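Me: Hi! Could you walk me through this protein model while I have it open on my screen?

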Amino acid sequence: MESTAPMSRKPKKWIAAVFGLIIPPAGMLYVARPGLAAGYFGLMVIVALGKSRVYPAIGDLAVLLLGIVCAIHAYHIARDYDESHRRPWYSRWYGLVGILVGPFVVLGVPRAFLFDVFRFPTGSMTPSIEPSAYLIVKKWGYGNYGTYGIHLMRTGMSSEVRRGDILVFESPEDTALIYAKRVAGLPGDRISYYNKRLKVNEQESKVRRIEDYLHKGRAVVSQQYLERLGDHEHAILIDPGAPAAVPFTRPFPFRELCAYTAAGLSCQVPPGHYFVLGDNRDNSADSRVWGFVPTRNIVGKVQYIFQ
């Protein structure tokens, strides 16, 4: 009896078109064209890089056009596919799932649990962190695990937080916002900030004047000091012309533990919370404005800063 090799099932045209429209490289892998998949991936990278340099509407239009072109291309390849050719593993559903999910597992798991990268947009932590600097943040031990805006799990915090640490945390007002500030007060501490001098548990932090700070990209000079918090010594900026009083505040939990005057404020840090300050003291909205940072909001500790 003559045997015949089983014919390979053709890729479905509509699936190829959908993949091509949404994820162009996946559309080409589905129809077993890895070279074209690499080409479309390269085009996606070029469009993504160019999108930041043109009007967003033009960039979005380019993304849409690329998807439409790939959808039509993948549809025609699927329609003309030779059933006598065995489809490779990467064009099967399990191969595509592995290719799409694999990078997230390889890149996402370390970012979710070990170290993550954040871009700091403001000048509230100048001079320690310049605007647009990149922060490498240690996450293991802080109990708030996730990445790319996806929360995976929360556990108890096992890493120690010390005064002077720079923490990355979810804003107490909106957990979708990520902030970075320096820890001034631990749970149970008594914090006072009067006439721009910081005291922790009635002990004034040591401060000494150093050379003035010239802001990058601006012809602006600020008075710069070295401040010691615990074992940490770090630079801070003080604007002598700015008022000592906190210019504005917002309602926040445990606000009754803080007293505000024309010279500043004092607060008793509640259990399970931290008091944080920006190093650019007169240009930072921090615990003086929106209150204490709950332990559960802490994402991690800044390990490295790339300016």
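What follows is a chat about a predicted model, taken topic by topic.

Me: Let's start with helix H5. How many residues does helix H5 have, and how far does it reach?
Reply: Helix H5 covers residues 93-113, which is 21 residues. From its first C-alpha to its last it reaches 29 Å, close to the 30 Å expected at 1.5 Å a residue.

Me: Where does H5 have a kink?
Reply: The kink is at Val101, shortly before the proline Pro103, and comes to about 35°.

Me: Which residues of H5 are buried?
Reply: The buried residues are Gly95, Leu96, Gly108, Ala112 and Phe113.

Me: And what covers the buried residues of H5?
Reply: The cover includes two helices, H1 (13-22) and H2 (24-30). It also includes the strands S1 (115-120), S3 (144-147) and S4 (150-154).

Me: Okay, charges next. How many salt bridges does the structure hold?
Reply: There are 15 salt bridges in the structure.

Me: Tell me about Arg111. Which residue does it form a salt bridge with?
Reply: Arg111 forms a salt bridge with Asp116, and the closest N and O atoms are 2.5 Å apart. Arg111 and Asp116 also belong to a network of salt bridges that includes Lys139.

Me: Is Asp116 buried or exposed?
Reply: Asp116 counts as buried, because its relative accessibility is 4%, and the cut-off for buried is under 20%. Arg111, with 26% relative accessibility, counts as partly exposed.

Me: What about Asp189, which side chain does it meet in a salt bridge?
Reply: Asp189 meets Arg163 in a salt bridge, at 2.9 Å from N to O. Asp189 lies in the loop between strand S6 (178-185) and strand S7 (190-194), and Arg163 in the loop between S4 and strand S5 (166-170), so the pair ties together parts that are 26 residues apart in sequence.

Me: How do Asp189 and Arg163 sort out, buried or partly exposed?
Reply: Asp189 is buried, with a relative accessible area of 6%. Arg163 is partly exposed, with a relative accessible area of 27%.

Me: Give me one more salt bridge. Which residue does Arg209 pair with?
Reply: Arg209 forms a salt bridge with Asp212, with the closest N and O atoms 2.8 Å apart. Arg209 is partly exposed, at a relative accessible area of 45%, and Asp212 is partly exposed too, at 38%.

Me: Going back to Asp189, how far apart are Val269 and Asp189 in space?
Reply: They are 5.4 Å apart, C-alpha to C-alpha, while being 80 residues apart in sequence. Val269 is found in the loop between strand S14 (264-268) and strand S15 (273-277).

Me: Is Val269 buried or exposed, and what is it in contact with?
Reply: Val269 is buried, with a relative accessible area of 1%. Leaving aside neighbours within four places in sequence, its contacts are Gly185, Leu186, Pro187, Gly188, Asp189, Ile191, Tyr274, Phe275 and Phe292.

Me: Switching topic: how much space lies in the largest pocket?
Reply: About 310 Å³ of space lies in the largest pocket. It is lined by 18 residues, and the closest to its centre are Phe118, Gly146, Thr147, Tyr148 and Gly149.

Me: Which strand gives the most to the lining of the largest pocket?
Reply: That is S3, with four residues. S1, S3 and S4 each supply at least two residues of the lining.

Me: Last topic, the backbone. Where is there a cis peptide bond?
Reply: A cis peptide bond joins Thr126 and Pro127, with omega of about 10°. Pro127 is found in the loop between S1 and strand S2 (133-138).

Me: Why mention that at all?
Reply: Most peptide bonds are trans, and most residues other than glycine have a negative phi.

Me: Then which residues other than glycine have a positive phi?
Reply: Ala32 has a positive phi of about 65°, and phi of Lys196 is near 65°. Ala32 lies in the loop between H2 and helix H3 (34-51), whereas Lys196 is found in the loop between S7 and strand S8 (197-200).

Me: And are Ala32 and Lys196 buried or exposed?
Reply: Ala32 is buried, with a relative accessible area of 13%. Lys196 is buried as well, at 14%.

Notes: Residues numbered from 1 in each chain as written. Predicted model: local features only at pLDDT ≥ 70, side-chain atom pairs only at ≥ 80, totals over all residues. Heavy atoms only, no water. Expected span 1.5 Å × (residues − 1). Bend = angle between axes of the 7 residues up to and from the residue. Buried < 20%, exposed > 50% of the residue type's maximum accessible area, 1.4 Å probe, protein only. Contact = heavy atoms within 4.5 Å. Salt bridge = Lys/Arg side-chain N within 4 Å of Asp/Glu carboxyl O. 1 Å grid on protein atoms, 1.4 Å probe; cavity = no way out; pocket = protein on both sides within 12 Å on 5 of 7 lines; lining within 4 Å. Points joined across faces, edges and corners; volume = space filled by probe spheres on them.
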